[in-house]
Amino acid sequence: MAENEIEIRGLRKSFGENEVLRGIDLDVARGEVVCVIGPSGSGKSTLLRCVNLLEEPSAGRIFVGGTEVTDLDVDIDAVRRRIGMVFQQFNLFPHVTVTENLTLPQRRVLKRGRAGAASVARENLERVGLADKAGAYPAQLSGGQQQRVAIARALAMNPEVMLFDEPTSALDPELVGEVLAVMRMLAAEGMTMMVVTHEMSFAREVADRVVFMDEGAIVEQGPAEQVVGSPRHERTRNFLNRILDPAAAEDPGSTAAGNGHASSGSGKESGSGSGRETG
Ligand SMILES: Nc1ncnc2c1ncn2[C@@H]1O[C@H](COP(=O)(O)OP(=O)(O)O)[C@@H](O)[C@H]1O
Ligand SMILES: [Mg+2]
């Protein structure tokens, strides 16, 4: 079906005895931005990784752009080419320049020629505001700049869909905004995006829909103002209270668990979208 870019039906995934995804049904429309939130270990990364077949589902079906990626005869490489993925750890190639980080996958996977790949690389570095870093090595860049390179590298492959797995969680707080700004631009351009994030103000501002997962299942989903602003389920409320206001969480010793990603503001779940990115 053309209008849904991603369709997930009855998705289950077990690691040994551990059932990590327990029947996920989710559609993402073309051009839609879906933010996935939920506690650590709830299966968010596994869900994203199943969509581009970094993990093999135990059961269920997944369609991307109308192609069943869980079909046994599918060309996995062709599927992955259509899906860009950005990880918490930027996963750049450390030993080559920023430009080569963008050109090597194009040349290897898409068989683009040297000049063509270089021109696409330039274009995408400009998009993320890093044209001046083309000749730098990853270690010479800040974490925020490295993550923007990782996004540019994914974009250089002309994906139909972008998957982001906690793209700002490894960043110092002052570098989060520049990465979210690039993601906001992509959303505005109409990119279909699934974003696992703890940045609630980003979710409120950019997401068309927020999905709350717990223990391998979708507990609730809807517009951000509903799920984040007035969640229906106790588990969602507890989670949001923990990340928005760690100091008020049940266990006062565990405030480090959120790793500082909560809003620095007053942040109850009914707060006015105050978040810490300054974008
Ligand atoms: N490759 C793996 N092998 C075994 N268990 C895994 C693997 N990947 C994830 N898990 C387990 O699956 C559960 C969900 O993990 P994950 O999808 O990473 O959750 P989240 O991203 O929401 O924190 C966790 O219990 C985790 O330990
Ligand atoms: Mg994860």
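Both faces of strand E9 are covered: Arg209, Val211 and Met213 on one side, and Val210, Phe212 and Asp214 on the other, are all buried (under 20% relative accessible area, with exposed meaning over 50% and partly exposed in between; 1.4 Å probe, protein chains only). In a regular strand, side chains alternate between the two faces of the sheet. E9 spans residues 209-214, and six of its six residues are buried. Helices (H or I, at least four residues) and strands (E, at least two) are DSSP runs numbered from the N terminus.

The model is predicted; local features need pLDDT of at least 70 and side-chain atom pairs count only at pLDDT 80 or more, whereas totals for chains, interfaces and linings use all residues. Residues are numbered from 1 along each chain as its sequence is written, chains are lettered from A and ligands numbered from 1 in the order in which they are written, and side-chain values use heavy atoms, with hydrogens and water left out.

Strand E9 pairs with two strands, where pairing requires at least two DSSP bridges between them. Strand E3 (residues 33-37) runs parallel to E9 and is joined to it by four bridges; within this pairing, cysteine 35 stands opposite valine 210. Strand E10 (residues 217-222) pairs with E9 in the antiparallel sense over five bridges, and phenylalanine 212 stands opposite glutamate 220 of E10. Two residues lie between the strands of the E9 and E10 hairpin, in which glutamate 215 takes a positive phi near 50°.

Cysteine 35 is buried at 0% relative accessibility, and cysteine 50 is likewise buried, with a relative accessible area of 0%. A search of the whole structure finds zero disulfides, a disulfide being a pair of cysteine sulfur atoms within 2.5 Å.

Ligand 1 is surrounded by Phe15, Asn18, Val20, Pro39, Ser40, Gly41, Ser42, Gly43, Lys44, Ser45 and Thr46, a residue being near the ligand if one of its heavy atoms lies within 4 Å of it. This shell has three nonpolar, seven polar and one charged residues. Strand E2 (18-29) and helix H1 (44-51) each supply at least two residues of the shell, and H1 gives the most, with three. Polar side-chain atoms of lysine 44 and serine 45 each lie 2.8 Å from an oxygen atom of ligand 1. For threonine 46, an N or O atom in the side chain is 2.5 Å from an oxygen atom of ligand 1. The protein covers 59% of the 560 Å² of accessible area that ligand 1 has on its own (Shrake-Rupley method, 1.4 Å probe).

How values were computed:
A polar contact is a pair of N or O atoms within 3.5 Å; within protein, one must be able to donate a hydrogen and the other to accept it, and residues adjacent in sequence count only if both atoms are side-chain atoms. Ala, Val, Leu, Ile, Met, Phe, Trp, Tyr, Cys and Pro count as nonpolar, Asp, Glu, Lys and Arg as charged, and the others, Gly among them, as polar.
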